[in-house]
Amino acid sequence: MSEMTRKPLVEVKDLKKYFDINVGMFKTLPLKAVDGVSFDIYRGETVGLVGESGCGKTTVGRTLLHLYTPTSGQIIYDGKEIKTSADIHEFRKKATMVFQDPYSSLNPRMTVSDIIAEPLDIHKMYSSPEERRQKVLELMEHVGLNSEHASRYAHEFSGGQRQRIGIARSLAVNPEFIVCDEPVSALDVSIQAQVINMFGELQDKLGLTYLFIAHDLLVVRHISSRIAVMYLGKMVELTSAAEIYERPLHPYSKALMSAVPMPDPKIARESHRIPLSGDIPSPLHAPSGCPFRTRCAYACERCAMEVPEFREIEKDHFVACHRVEEIN
Amino acid sequence: MANKYFNMQLDVDAFLPASAEEKAYMVQMRPSTTFFRDGVKRFVKNKIALISLIIIALIVVSCIVIPFFWPYSYDEMLGVKLGRPVDSSYNNLAPFEYGETEQERIAAGEKIFPHLFGTDSQGRDYFIRIVYGARISLAVGFFASIIVLIIGMTVGAISGYCGGKVDLVIMRIVDIIYSLPDMLLIILLASALKQTKLDQIIQGTVLEKIGANIISLFVVFGVLYWVSMSRLIRGQILSLREQEYVLAAQAAGARGKWIIMKHLMPNCISVVIISTALQIPNAIFTESYLSFLGLGVNAPMPSLGSLASDALNGISSYPYRLIIPAVVISLIVLSLNLLGDGLRDAFDPKLNG
């Protein structure tokens, strides 16, 4: 971490995103997909966002890019709040997204060069067809695609190649910030490694900042400088990658980290898993107070009464738990 | 040397890393094919659809070309010559018969073009009337489908993309139109439009020839028949807009129009083509029986329906005059339907995985 990282590129303050779900004829309930999440992302770093399925990781990523209109909360990019549609349109040139599914995220009726150039077309970022072609070829080279394939259709490529096309598209507008929404979970392991390494290389080469959403904890550990853990629409812990693996403080993070598969059987035998009982509650009927209290071994009365504050326990180590000092 | 049973000595050459050439050989990609080319390939394999396409093409080409060189015109009464009494021998000729004056000229050694299907009760060449009738029917079918396509596609795309309240309102309007008995409404509309001064408005324009009735037919199609098309398109758009590439376009800054034109429409184009192909025979059918009921084209312009209707008067003496237009209608409608089915089989990705 260099000294320039101390300037936050993205600040998210108390972000909330509720979806109205129809229950019965005329009744709707708010589904609290993201319920008050705050964090900063510094320039040049990679923040990993982990949590189990349905905890709101993807919604955070999409709301952060204003693909979903936030219910409340602020998104500040480079010191400027993103609010009006003109802000959003400008913001789209600086922040882009890589999608999870390399199959459905590429239009089957478009050629690779049209897919990659689409953001350029939308923002009219070239002056001649020749310039457009040059940019596309340059982008394809960046992500390790053969330039002969520019006129082909996406269905002719393998999953890994398709994801490279998606990454090239997200790089087209020369962004500073990329939200990677589980970009490797649809790929097989050998391809995952290639793509992950490519993310690292691109970051070094182009000075990118990532928000890396994933559920594969080893992948996140490999690429992230800091890691945030989410549970049921709330952030429970945020600290550096090394810290969260060595010394997780929140009971949920502890359980999560103990579940990381160890490649070395010797270590695996010695480590013991902290089992969690029960399922993640439905976000439609979230528990009162701390969302994790229904499955937490340390839950007390206070946990049911008060929502724990997301506070900085130690330097750069944020935890949302009432009893964090007692249990560690 | 030849019998080396269970030799554990492995050939080291087989385990050398592949050279660049060998690798290139393995990663050969098949030639790029587009969705359209794939569809054409499948379509050509379908014999019935191909034959239908050929029949349609033949009918269309002959409808366009034949009137140019045919010696008779559709409204020319052969027995009526300026300055002479009406020669009734030209009326109701059987196929390949000639009128009196024509017989004299043949006797004098002249070559006379035969009346392939004879003439009608007013001495007009029946073959060219059939050709003109088919021309009108096809034109009506084609243009009515275009109107349906444009309205249905626009409304369906807006409804599907916007969703929410817009969708709700549009779809209830569609439901209402759907629930109306369309045949009754067509007849009512056609006769109501007849009462308006449409005739005078179109006087002197190209539209005069086809007549106010056909225009009102287009109006009817425009008002009523777009609903099924718009429902179809809406359904397609509803499922397509949940695709991640639409979200990706939004993330790139695309707005409604761009997404509809670049992402949603191209992906439902196959459905559009198929249902348009199936809409044409529907329109031809409607036109035919409206003409049959006397609500179609203006005389003397023939259409297949009005020809069949006129033939009813002499059905016992001249049954072929009813049979010929009926067969032509059936041929057109059947081939178009089979063609539409063939197109669906070839282009609908849901049917062929």
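Predicted model: local features only at pLDDT ≥ 70, side-chain atom pairs only at ≥ 80, totals over all residues.
Buried area is the accessible area that two parts lose on being put together, summed over both.

**Where chain A meets chain B**

Let's start between the chains. Chain A and chain B bury about 2,300 Å² between them, with carbon and sulfur atoms giving 56% of that area. The contact draws on 29 residues from chain A and 24 residues from chain B.

How many salt bridges are there between chain A and chain B? The count is one. That salt bridge brings together the side chains of Arg62(A) and Glu244(B), at 3.4 Å from N to O. On the side of chain A that touches chain B, two elements give two or more residues: helix H2 (85–91) and helix H3 (112–123) of chain A. Of these, H3(A) gives the most, with five residues. Sorted by class, this side of chain A has ten nonpolar, ten polar and nine charged residues. Across the interface of chain A and chain B there are also eleven residue pairs in polar contact.

**Two domains within chain A**

Chain A itself is divided into domain 1 (3–94 + 176–273) and domain 2 (107–174). Taken over C-alpha atoms, the centres of these two domains of chain A are 26 Å apart. Where they touch, 16 residues of domain 1 of chain A are in contact with 13 residues of domain 2 of chain A. The area buried between the two domains of chain A is about 1,200 Å², and carbon and sulfur atoms give 69% of it.

Which three residues supply more than any others of the area that domain 1 of chain A buries against domain 2 of chain A? They are Lys93(A), Met198(A) and Leu202(A), which supply 38% of that area. Between domain 1 and domain 2 of chain A the salt bridge count is zero, while two residue pairs are in polar contact across their interface. Helix H6 (residues 189–206) of chain A gives the most to the side of domain 1 that touches domain 2, with eight residues. By class, that side of domain 1 of chain A has ten nonpolar, two polar and four charged residues.

**A four-stranded sheet in chain A**

Now for the strands. Four of them form an open sheet in chain A, in the order S2-S1-S4-S5, and the pairing is antiparallel. S2 and strand S5 (80–81) of chain A stand at the edges with a single partner strand each, so one side of each is left without a neighbour in the sheet.

| Strand pair | Direction | Bridges |
|---|---|---|
| S1(A) (residues 8–23) and S2(A) (residues 27–42) | antiparallel | 13 bridges |
| S1(A) and S4(A) (residues 72–77) | antiparallel | five bridges |

You can follow the pairing of S1(A) with S2(A) residue by residue. Pro8(A) has Tyr42(A) as its bridge partner in S2(A), and Phe19(A) is partnered by Leu31(A). The hairpin of S1(A) and S2(A) has three residues between the strands, and there Gly24(A) takes a positive phi near 75 degrees.

Definitions and conventions. Residues numbered from 1 in each chain as written. Chains lettered and ligands numbered in written order. Heavy atoms only, no water. Pairing = 2+ DSSP bridges. Contact = heavy atoms within 4.5 Å. Buried area = accessible area lost by both parts, 1.4 Å probe. Salt bridge = Lys/Arg side-chain N within 4 Å of Asp/Glu carboxyl O. Polar contact = N/O pair within 3.5 Å; in protein donor to acceptor, adjacent residues only side chain to side chain. Nonpolar A, V, L, I, M, F, W, Y, C, P; charged D, E, K, R; others polar. Domains from an automatic or database assignment.
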